[in-house]
Amino acid sequence: MFSIFKRKKKEEPQKEELQEEIVEQEEVEVVQNDVVEDNIEEKIEIDQESNLDETSKSKEQEEITQESKEEEQEQDQPKQSFFARALNKTLENLKSTIPVGVEKIDFDTIEEILIESDMEYEIVEKAMTGLSDKISRKDLRHRLVSLFEHAPEVDTTNLPKPFVELIIGVNGAGKTTTIAKLANRYKSEGKSVILGAGDTFRAAAIEQLSIWASKIDVPIIKTKQGHDSSAVAFDTIHSAVSKGIDHVIIDTAGRLQTQTNLNNELKKIVKVCGKANDGAPHRKLMILDGTQGNSAIAQAKAFNEIVGVDGIIVTKLDGTAKGGALFSISNQLELPIFYIGVGESKDDLVEFSPDKFVDGLLDGIYTTN
Ligand SMILES: Nc1nc2c(ncn2[C@@H]2O[C@H](COP(=O)(O)OP(=O)(O)OP(=O)(O)O)[C@@H](O)[C@H]2O)c(=O)[nH]1
Ligand SMILES: [Mg+2]
């Protein structure tokens, strides 16, 4: 499915081409957040080092290495606890069902645990067919991990530039917050990012994304409420092409006056993205609210039918006991889960790993004490 990434870039399109598509002439505003060049005053320090003998120098070096090791460990720490955090409520809810200190667990108990975690019955059956009466962690792990067979294999070293992502999903799912998290992530990887405030249905949506843009310090393209969102998408991509920006992330509305309006708007945005840059949008990401568990699947199917979704981000896993729904979501939709959201801050986005997720769950199920 990622063959799209290999498509050749076409020449930058003529803006006139868009005129047929966009009926109204929009006034699109480019807000380039001040890229404050850090004018760090260079301090001239007296080179006291020269006075140090070799022994104290190597001692100093040791201390620095130790410090950076500790820093690395500190950085690793939250990443691990993110998965534990995502499954906290799910495991808490299962506490009374989970047997303590056994190596193998009864088939019926595992079935009950998985259903209780909001995995769909059909998927539970699929995962457990052929397993014996007493199930070991190793056997269950193998079955659960294989439910995420649609896990992505993305070569992030060779993405087209700009790499355009369209964020879709029902209102309140966490689209705007996730855009901020993604932008923050790309920025911390040293990439440049531009946002497109494509949810023009509500003024507050434009405002919300603008606030995030200035917090993260990335430029944003926006227009007035009610104006054409595909014009925003076009201008955002156009700006990224001319400025050599790596990542374009475009917000969309989760709700319009009617479902038909929403369908048409989304289709139009997709088409216009392709006109602005061949192959765009390179990823259409569906944002699903994790607290809705399995009921989010129907929603995702509807969006998939409208525009074709490339992958999923499940949000709010920190606040739900329905963590098991991720198995059904990925398996039923036959789509990869790229990230999970585990909080409201810009750092609360974790790259999804089937192995780590399953291990997080099994750590809570196969307890040793
Ligand atoms: N706890 C938690 N809250 C989240 C997470 N992601 C988003 N939220 C919250 O969910 C609410 C809705 O998020 P938005 O990003 O505004 O959702 P949206 O899809 O853009 O909503 P509309 O613009 O109304 O369509 C906000 O209060 C967010 O802070 C998450 O991973 N965990
Ligand atoms: Mg929003």
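Helix α9 (residues 296-307) and helix α10 (residues 325-333) pack with their axes 10 Å apart and at an angle of about 30°, the axes being lines fitted to C-alpha atoms, for helices over the stretch in contact, with angles running from 0 to 180 degrees between N-to-C directions. The two helices α9 and α10 are therefore roughly parallel to each other, since angles under 35 degrees count as roughly parallel, over 145 as roughly antiparallel, 65 to 115 as roughly perpendicular and the rest as oblique. Helices (H or I, at least four residues) are DSSP runs numbered from the N terminus. The crossing of α9 and α10 is right-handed, a term used if the near helix is turned clockwise from the far one by less than a right angle. On the α9 side the contact involves Ala296, Ile297, Ala300, Lys301 and Asn304, and on the α10 side Ser328, Ile329, Gln332 and Leu333, where two residues are in contact if their C-beta atoms, placed from the backbone, lie within 7 Å.

This is a predicted model, in which local features need pLDDT of at least 70 and side-chain atom pairs count only at pLDDT 80 or more, whereas totals for chains, interfaces and linings use all residues. Residues are numbered from 1 along each chain as its sequence is written, and chains are lettered from A and ligands numbered from 1 in the order in which they are written.

A second pair consists of helix α4 (residues 137-146) and helix α11 (residues 354-365), whose axes come within 10 Å and cross at roughly 140°, which makes α4 oblique to α11. The crossing of α4 and α11 is right-handed, and Arg137, Leu140, Arg141, Leu144 and Val145 of α4 meet Pro354, Asp355, Val358 and Leu362 of α11.

The table lists residue classes, with Ala, Val, Leu, Ile, Met, Phe, Trp, Tyr, Cys and Pro counted as nonpolar, Asp, Glu, Lys and Arg as charged, and the others, Gly among them, as polar.

| Contact of α9 with α10 | five residues | three residues | one residue |

Of the 20 residues around ligand 1, Asn171, Gly174, Thr177, Gly254 and Gly341 come nearest, a residue being near if its C-beta atom, placed from the backbone, lies within 6 Å. Helix α5 (residues 175-188) supplies the largest share of this shell, three residues.

The mean pLDDT of the protein is 81, and 76% of its residues reach 70 or more, pLDDT being the predictor's confidence in each residue, from 0 to 100.
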